[in-house]
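Hi everyone, thanks for coming.

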Amino acid sequence: MKPKRTNNATHTWEMMQCSRDVLGPTSMQKIFSRGQSQINRYCSSPQHEDHQRNPLDRLHLLFSMLDEEGERELVIAALNHLCASIGYRIQEQLNVVPDKLTVEEECLDDYPEKVELDRLIACNAAPELVRRQGEHTCREIMETVASYEAHCKINGTK
């Protein structure tokens with residue numbers, strides 16, 4: 001593995017441009033099964049009249065549309081597949097917000113998720129499904145922790 005470089009690309013066309021610079025035009029042509037002219041269009045600024053939506057923009061559109069159709073789990077699975085190439089997984093950005101009124105209710109809300117996790121493991125479900133359920137379970141537990149922290153803050157306990 002080569003040493004890390006600083007990369008300041010913020011737009012998808014800049015990311016494509018940097019990818020082409022690092023991998024070379026021939027590799028990009030092979031990866032996307034497109035000619036050099038098309039690769040150049042992917043790497044050009046939208047202000048350029050020959051610019052075309054690149055694969056990153058298309059994935060963004062695909063994921064947005066799937067999410068609008070209620071397929072967030074599918075989007076998460078696809079993103080985790082992409083992230084796996086570098087040993088990462090996606091993680092929700094938002095702060096955990098309890099969805100129950102009391103700490104006790106949050107505690108009870110944890111059980112079904114944990115039971116489902118154990119059930120998936122017991123029936124030898126696919127590891128990716130077990131991991132996803134594990135993430136759901138962790139989210140529920142963190143809602144309980146957040147609820148407890150808020151409870152303690154209100155009641156003045158450490």
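First, a word on the ground rules. What you see is a predicted model, in which local features need pLDDT of at least 70 and side-chain atom pairs count only at pLDDT 80 or more, while totals for chains, interfaces and linings use all residues. Residues are numbered from 1 along each chain as its sequence is written, and side-chain values use heavy atoms, with hydrogens and water left out.

Let's begin with helices. By helix I mean a DSSP run of H or I with at least four residues, numbered from the N terminus. Two packed helices are described by the angle between their axes and the distance between the axes. Those axes are lines fitted to C-alpha atoms over the stretch in contact, and the angle, from 0 to 180 degrees, is taken between N-to-C directions.

How do H1 and H4 cross? Helix H1, residues 12-23, meets H4 at roughly 135 degrees, and their axes come within 8 Å. That makes H1 oblique to H4; angles under 35 degrees count as roughly parallel, over 145 as roughly antiparallel, 65 to 115 as roughly perpendicular, and the rest as oblique. On the H1 side the contact, meaning heavy atoms within 4.5 Å, is made by Thr12, Met15 and Met16, and on the H4 side by Pro55, Leu56 and Asp57.

Now look at Met16, which sits in helix H1. Is Met16 buried or exposed? Met16 is buried, with a relative accessible area of 3%. For reference, buried means under 20% relative accessible area, exposed over 50%, and partly exposed in between, with a 1.4 Å probe and protein chains only. Leaving aside neighbours within four places in sequence, Met16 is in contact with several residues, among them Phe32, Tyr42 and Asn54.

That brings us to Asn54, found in the loop between helix H3 (36-42) and helix H4 (55-68). Asn54 has 0% relative accessibility, so it counts as buried. Its side chain reaches the backbone nitrogen of Leu56 at 2.9 Å, and a polar atom of that side chain also lies 2.9 Å from the backbone nitrogen of Asp57. Beyond its neighbours within four places in sequence, Asn54 is in contact with Thr12, Trp13, Met16 and Tyr42.

On to the second pair. Helix H6 (residues 103-122) and helix H7 (residues 127-155) pack at an angle of about 165 degrees, with their axes 9 Å apart. H6 and H7 are therefore roughly antiparallel to each other. Ala150 and Val103 are 47 residues apart in sequence, and 9.2 Å apart in space from C-alpha to C-alpha.

Finally, two loop residues. Most residues other than glycine have a negative phi. Asn124, in the loop between H6 and H7, has a positive phi of about 55 degrees although it is not a glycine. Ser33, in the loop between helix H2 (25-32) and H3, also has a positive phi, near 50 degrees. Asn124 is exposed at 68% relative accessible area, and Ser33 is exposed at 58%.

Definitions and conventions: A polar contact is a pair of N or O atoms within 3.5 Å; within protein, one must be able to donate a hydrogen and the other to accept it, and residues adjacent in sequence count only if both atoms are side-chain atoms.
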